[in-house]
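I opened my notebook to look up a few things in this structure.

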Amino acid sequence: MGAEIYAEEIISHYEHPHNKRRMESPSFSFRDYNPVCGDDITIYMKTDGATITDVAFEGVGCAISIGSASMLTDTLKGKKISELEKMGPKDVIEMLGIDPGPVRMKCASLSLRAAQKAIKLKHTD
Amino acid sequence: MPINPEEIRKDFPIFKTLMNGKPLVYLDSAATSQKPKKVIAAVSSYYKKYNANIHRGVYKISEEATEKYEKSKKKIASLINASGLEEIIYTRNTTESINLIALTWADKNLKGGDHVLISELEHHSNIVPWILLSKKKGIILDYIKLNSEKTDLDYSSFEEQMKKSPKLVSISHCSNVLGTIIDVKRIAKRAHEAGAVVLVDAAQTVPHMEVDVKDLDCDFMAFSSHKMLGPSGIGILYGKRHLLEAMPPFLGGGDMILSVQHYDFTPNDLPWKFEAGTSNIEGGIGFGAAVDYLKKIGMKNVREHEETLTKYALEKLEDLDKVSVFGYGSDSLPRRSGTISFDIEGIHPHDVAEIFNSEGIAVRAGHHCAMPLVVEVLNKPAVTRMSFYIYNTTTDVDKAVEAIKKTQKIFHK
């Protein structure tokens, strides 16, 4: 993987992340880590039945993890929980517009993994 | 005589490699060094011409393998001014050398409540073995703090810790993050006055400068072949003979014994007492060739070249906007190795390393196996590090500086 991963869009999301805030009383939340870059991201979601109505995140990390978390919050708003559960690496690549390669995929998919773990954990509770 | 890195590069086949379509700029020798043809040839010639197990073989090629393997120990003994090959134990790496001391010398001589003193700038290899020992035996682990500039050890903190009368002081000769060369001679002198034993982690110094175990007066020293042009899988533990003789063996098995009965054994003489099972024969032979290569250049010249390159790089980095260097600056070169960690304001080190990669430049980003230093003392999740060796040139530094500018441009900094 080279510098092409740093497309204008991901840099713009990194520098001015969307929905980067703490959410009070979320329906679902989960904090996850990526040891590759030391990324640390918490994702929050509010739902109205089966639909995700609000998404936010907090954390620190590399441009790929923060940029993709910002993009993910935009993507998830209005989606069904069942749609989130089905998302995978393909959706991350589509969202980024580029395949980040196996190592940086861990950064790129950190926020999605956190969102899915948040749902799964709540369901098993 | 000054080194001509352009000539030296011809001895290293790796520099024909392209990385991402660009000529390889290798700035990660603190992690592992590249290998010259002589070392590659020594390893392959053992496989091709006299591959046999060492010791006790009465046939010609086994004798030849034994001789070359043992000779490599003599070469290393002479490189660091040890008294002889009896003081040179081969392990897998620096980490195993330190663990060997923890599991033999320390296990025998330390008891619950005894203090072991290390510092905040240690590599995990000189931290975790002592944490394990503290969990196992209740020894107490203490840290020498870093000074407020975060460039070097705080010697008043060292004095403070010495009041606890540590039994062992285990200290890095050079930080693999800050590049600071530690005054281990001073530490060893003070520690010995207080009756402590001194272990030096010299993984970042033996490859790069003259190191004399008698001058430093350390009791044990650990370093690795792969960081000094040799094969991986060979680590060195130097120990003063009387200490090694009094230590129990490490692993049990063949080669470390003189004789075995049903319920007892007699350990072998030094250094074989600590080397159970078939050794890394090709590793030892290759390492011998690496030491020959370095000796031919001269360790003084190696250091001089790296100091010149480090000065050049630090001055360039100090001139850049929104770039800061950790550790000593260009005004304190004698205190510094050719390992430079830096920070580009607002850009994560892994993003820096990724953009360097796209330019064919290998640098390392992360905590560099020194999490207490990077995360807790420097308060960074990671840092970017470039590190030099004999084959690096000012052109390599120029390319790194250009890559920093490119990174800043991509990130609008």
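**Entry: two domains in chain B.** I began with a distance: the centres of domain 1 and domain 2 of chain B, taken over C-alpha atoms, lie 28 Å apart. Domain bounds come from an automatic or database domain assignment. For chain B, that assignment gives domain 1 as 5–30 + 299–410 and domain 2 as 41–295. The model is predicted, so I noted the limits: local features need pLDDT of at least 70, side-chain atom pairs count only at pLDDT 80 or more, and totals for chains, interfaces and linings use all residues. Residues are numbered from 1 along each chain as its sequence is written, while chains are lettered from A and ligands numbered from 1 in the order in which they are written.

I then looked at where the domains touch. Domain 1 of chain B gives 27 residues to the contact and domain 2 of chain B gives 22 residues. Contact here is a matter of C-beta atoms, placed from the backbone, lying within 7 Å. On the domain 1 side, helix H11 (299–319), strand E14 (339–344), helix H13 (371–377) and strand E17 (383–387) of chain B each give two or more residues. Helices (H or I, at least four residues) and strands (E, at least two) are DSSP runs, numbered from the N terminus. By class, I found 15 nonpolar, six polar and six charged residues on that side of domain 1 of chain B. Ala, Val, Leu, Ile, Met, Phe, Trp, Tyr, Cys and Pro count as nonpolar, Asp, Glu, Lys and Arg as charged, and the others, Gly among them, as polar.

**Entry: a sheet in chain B.** I found an open antiparallel sheet of four strands, in the order E13-E14-E17-E16 (chain B). Strands pair if DSSP finds at least two bridges between them. Strands E13 (323–325) and E16 (364–366) of chain B are at the edges; each has a single partner strand, so one side of each has no neighbour in the sheet. Three bridges join E13(B) to E14(B). B:Ser324 stands opposite B:Asp343 in E14(B). H12(B) packs on this sheet and touches E14, E16 and E17 of chain B. The direction of H12(B) makes about 160° with that of E16(B). Axes are lines fitted to C-alpha atoms, for helices over the stretch in contact, and angles run from 0 to 180 degrees between N-to-C directions.

**Entry: chain B against chain A.** I looked up the contact between the chains: 13 residues of chain B meet 13 residues of chain A. Which helix gives the largest share of the chain B side? Helix H12 (residues 349–358) of chain B does, with six residues.

**Entry: a helix in chain A.** Which residues of helix H4 (residues 89–96) of chain A are buried? I found A:Val92, A:Met95 and A:Leu96. Buried means 20 or more other C-beta atoms within 10 Å of a residue's own, exposed means 12 or fewer, and partly exposed is in between; C-beta atoms are placed from the backbone. The face of H4(A) turned away from the buried side carries exposed A:Lys90 and A:Glu94. Just after H4(A), A:Gly97 takes a positive phi of about 80°.

Technical notes
Contact = placed C-beta atoms within 7 Å.
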